[in-house]
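Hi,

Here is the structure I promised to pass on. Have a look at it first, and then read my notes below.

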Amino acid sequence: MNVVIFGKGFGKPRQLNLSGGVAVAAVFAVAGCLCCAAFAGGYWYSAQNGSGLTSNEVELLAAEVEAQREAIEVTRQQTEDTLDALAIRIGQMNARVIRLDALGRRLTEMADLTDGEFDFDSEPALGGPEEPYLASTIAVPEVLEAMQNLDQQLNNRESQLGVLESVLTNQQLVARVSPQGRPVTSGWMSSYFGKRTDPFTGKPANHRGVDFAGKAGAEILAVADGVVTWSSKRYGYGELVEINHGNGYATRYAHNSENLVAVGDEVKKGETVALMGDTGRATGPNLHFEVLHQGKQVNPVNFIRQGAE
């Protein structure tokens, strides 16, 4: 292979004859020089543009990556803790809702509301036209705030229902301890409260109760809840049962053939306390019924009529 070299210092062109091993060595030498020049140029360019990383910079980057990894782990743990706390809170609120439902059913029964008017086993009926849906992402703080508002509403409802239960309970209690209704299952009112002619003397007398004539052995009923304070013979009354109902009220059931309760017994409204008879000052089987308020006999007819309403 002939190589012609031109240059001012050579005068006229010179010709070199490269053949065999000399040619191959020359080619490799030129290629090596080009590679070294390229590597040196690249290193110089990298140094000039600051893209080269030292060992300290690599260590700093590794430390930063580790810190970010730890921050992600802390955030994940906090998120799990928050979700666990929310789950516990939701469980507590659900338990309170169950208690409120049970209380609502009890109040429905106590208030004697029509079946179906309040149904705590089904979702409340709702309505209204369709409104545009506002798509938004709810953040955890907003969820917590909503749960706090719901918790406050549950507290208010619980308090209101508790007061309502107390009112209804008191009403029922008053109704059960206030004398109401007929003290016999059968029979008719044979003598009223007030002035009358005494059946034994024929003279005017003041009758402090009402009489129900009926068959011997007919059931005599308590007209209110209370405690038995007398169950024995008393002059003029024969076999007598007296019941204290509280709130200053008491009732008496006289001329019984048999008393079925004893002193200290608790009785319920409508419970049989005695059997009709003619013991004491009586002309035949009858019940002498008295209502006392603050120790004074009052007209029982008013209380009997209340039970019939």
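Leaving aside its neighbours within four places in sequence, which residues is L287 in contact with? They are P183, V184, V210, D211, F212, I220, Y253, A254, N256 and M276, where contact means heavy atoms within 4.5 Å.

Before the rest, a word on how to read this. This is a predicted model, in which local features need pLDDT of at least 70, side-chain atom pairs count only at pLDDT 80 or more, and totals for chains, interfaces and linings use all residues. Residues are numbered from 1 along each chain as its sequence is written, and side-chain values use heavy atoms, with hydrogens and water left out.

**The core**

L287 is among the residues with the most contacts inside the largest nonpolar core, together with I220, I243, Y253, V267, V273 and F289. That core has 23 residues. (A nonpolar core is a set of buried Ala, Val, Leu, Ile, Met, Phe, Trp, Tyr and Cys residues joined through side-chain atoms within 4.5 Å; buried means under 20% relative accessible area, with a 1.4 Å probe and protein chains only.) At least two of its residues come from each of β6 (210-213), β9 (238-246), β10 (249-259), β12 (272-276), β13 (286-293) and α4 (301-308). Here helices are DSSP runs of H or I with at least four residues, and strands are runs of E with at least two, numbered from the N terminus. Another core, of five residues, lies apart from it and includes M93, L100, M147 and L154.

**Aromatic pairs**

There are two aromatic pairs. Rings of Phe, Tyr and Trp (its six-membered ring) pair if their centres lie within 6.5 Å; planes under 30 degrees apart count as stacked, over 60 as edge-to-face and the rest as tilted. Y249 and F303 are edge-to-face, because their planes are at 75°, with the ring centres 5.7 Å apart. This pair links strand β10 to helix α4, 54 residues apart. F303 is buried, at a relative accessible area of 13%. Y253 and F289 form a tilted pair, with 5.5 Å centre to centre and 40° between the planes. Y253 is in strand β10 and F289 in strand β13, so the pair ties together parts 36 residues apart in sequence. Both Y253 and F289 are buried.

**Around Q297**

Q297 sits in strand β14 (residues 296-298). Not counting residues up to four places away in sequence, Q297 touches F193, R208, Y237, R252, E290, V291 and L292.

Happy browsing!

Conventions:
Buried < 20%, exposed > 50% of the residue type's maximum accessible area, 1.4 Å probe, protein only.
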